[in-house]
Amino acid sequence: MHSLEVINLCKHYAETLLFKDISFELHPGEVLAITGWNGSGKSTLLRIIAGLVRPSSGKVEMFLQGESIAKESRRRFVGMVAPAFSLYEELTALENLEFFSKVRGIAYDRKSCLGMMERTGLSENANKLCRNYSSGMKQRLKLAQALLHNPPLLLLDEPGCNLDSKGMKIVENIISAQRQRGMTVIASNEKREVDYGDRVINLSE
Amino acid sequence: MKSGRWITETGSSTYLSEAAAIWLRDLRGEFRTRYAVNAILMFAVTTLIAVSFSIGSFRIGEAEQPFLYAVLLWIILVFSALSGLSRSFVKEEEAGTMDVLKLSARPQAVFLGKLFFNLTLLGALELIIVPSFILLMNYEIKLPGLFTAMVVSGGIGLGGGTTIVAAMIAQASARGALFSVLSFPLLLPLMITAIKGCEKAAVGANNPGWPEVRIAVAYSIVMIVMSLFLFPLIWEE
């Protein structure tokens, strides 16, 4: 059983304070929505939770069966989607998933990768180079990549970015499925996405 | 604190299998885009042709040939490497794939994967440039075994040095200039040793124990081991 604890997080760049004293706990089955004005630090907060950015003060702890997971290992228990992330454009979608399976230490299984592509509505374009994908298809592939290792913690930064209504339905299904086995943090200003959250933290307040 | 090897539901992975996945991905990407290969080969071939036409064998005295040819060969190899090997990390930053890679792979596996990729490129470069140089310059080598060992060990050291510098400069602005400026002092001892070794191989000098090859091997080992320790610090924010 996993849990996430964020304690008094504060982040500033030079003189600019992004946010301070952010604290919360998250347990399996819970969805937390983070909202706030542009530049309020939503994406940065997600990146800190993922271990990609150091906080100015405070700490993030993730627990597995009561034991704290070291920061360098924590990243690998996290699945993250963000607008700033890109996948390898010179590879096909299937090759991207194959690559991320292998570097994450998952025994590569073409069938389960194809299953993941089907789940995100990309199975017909599995062998197409990513550079030929539309922005919505790229977003779907990012979702597939983030889910490959069944992460206990799913961080979704603007998950509906570039998605059509079918794509939004896929996001909704992913969040529902994640409720059954893990935790989700969504950063967004879209009402529909914020509404998925059981709790909301507004960084502009 | 739980920090050991990450084991998934379906199996476990080692640094080497993750590094191999990164190496193969880079090779596949390079095969399709040819960014680094084009940069390195264009530089190497044009320099080689310029050198062979302007200071070919007819302009250099026989006594000076072993030393001067060794200098020219290593200048071509080192600067060709500098023109393209930074791409291994820079392309991750430019393409926006760095963060996903940070989330997915362990730092040491990333370093090893990139090192293997750079060594593959350097191996290919040496396979093309060294025989061409020997043919075009009419470069006579009395001890081919020593010469080959020097080129191989020097190439490994060159790969190790450039890979860690490429990682350091990937997130900086003015990367191109920084890469050359930081790499040059780091590679200078290796370059001097390699030149000396190649000169001895050409002259056929009595050279028991191949000290230059041993120095280059030691340099490569130190560079790669130190980089494996340092890289996680560079890889973090």
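Helices (H or I, at least four residues) and strands (E, at least two) are DSSP runs, numbered from the N terminus. This report describes a predicted model, in which local features need pLDDT of at least 70 and side-chain atom pairs count only at pLDDT 80 or more, while totals for chains, interfaces and linings use all residues. Residues are numbered from 1 along each chain as its sequence is written, and chains are lettered from A and ligands numbered from 1 in the order in which they are written.

**Sheets of chain A**

Two strands pair if DSSP finds at least two bridges between them. In chain A, four strands form an open sheet in the order E2-E1-E4-E5, with antiparallel pairing. Strand E2 (16–26) and strand E5 (67–68) are its edges, each pairing on one side only. Seven bridges link strand E1 (residues 2–13) to strand E4 (residues 57–64) of chain A in the antiparallel sense; Leu4(A) has Met62(A) as its bridge partner in E4(A). Helix H1 (residues 42–50) of chain A lies across E1, E2 and E4 and runs at about 130° to E1(A). Such axes are lines fitted to C-alpha atoms, for helices over the stretch in contact, and angles run from 0 to 180 degrees between N-to-C directions.

The loop between E4 and E5 of chain A holds Gln65(A), which has a positive phi of about 45° although it is not a glycine.

Parallel pairing involves strand E8 (residues 183–187) of chain A. Four bridges join E8(A) to strand E3 (residues 31–35) of chain A in parallel, and five bridges join E8(A), again in the parallel sense, to strand E7 (residues 153–157) of chain A. Thr184(A) is the bridge partner of Val31(A) and also stands opposite Leu154(A).

A residue is buried if 20 or more other C-beta atoms lie within 10 Å of its own, exposed if 12 or fewer, and partly exposed in between, with C-beta atoms placed from the backbone. By this rule five of the five residues of E8(A) are buried. Met183(A), Val185(A) and Ala187(A) lie on one side of the strand, and Thr184(A) and Ile186(A) on the other. In a regular strand the side chains alternate between the two faces of the sheet.

**Helix H4 of chain A**

Helix H4 (residues 110–119) of chain A has Cys113(A), Met116(A) and Met117(A) buried. These residues are on the same side of H4(A) because they cover an arc of only 100° around the axis, the arc being that of the directions from the helix axis to the C-beta atoms. The face turned away from this buried side carries the exposed residues Lys111(A) and Gly115(A). The buried residues pack against helix H3 (93–103) and helix H5 (135–147) of chain A. Just after H4(A), Gly121(A) takes a positive phi of about 75°.

**Contact between the chains**

Two residues are in contact if their C-beta atoms, placed from the backbone, lie within 7 Å. The contact between the chains takes 33 residues from chain A and 29 residues from chain B. On the side of chain A, H3(A) gives the most, with four residues. That side divides into 18 nonpolar, six polar and nine charged residues; Ala, Val, Leu, Ile, Met, Phe, Trp, Tyr, Cys and Pro count as nonpolar, Asp, Glu, Lys and Arg as charged, and the others, Gly among them, as polar.

Phe85(A), in the loop between E6 and H3 of chain A, is in contact with Lys142(A), Gly96(B), Asp99(B) and Val100(B), leaving aside its neighbours within four places in sequence.

**The largest nonpolar core**

A nonpolar core is a set of buried Ala, Val, Leu, Ile, Met, Phe, Trp, Tyr and Cys residues joined through C-beta atoms within 7 Å. The largest one has 125 residues, and among those touching the most other members are Leu46(A), Met80(A), Leu73(B), Met150(B) and Cys198(B). Helix H6 (residues 107–137) of chain B provides its largest share, 13 residues. Beyond its neighbours within four places in sequence, Cys198(B) is in contact with Ala70(B), Leu73(B), Phe147(B) and Met150(B).

Asn138(B) lies in the loop between H6 and H7 of chain B, and Gln171(B) in the loop between helix H7 (144–169) and helix H8 (175–203) of chain B.

| Residue | Other C-beta atoms within 10 Å | Class |
|---|---|---|
| Gln65(A) | 8 C-beta atoms | exposed |
| Asn138(B) | 12 C-beta atoms | exposed |
| Gln171(B) | 14 C-beta atoms | partly exposed |
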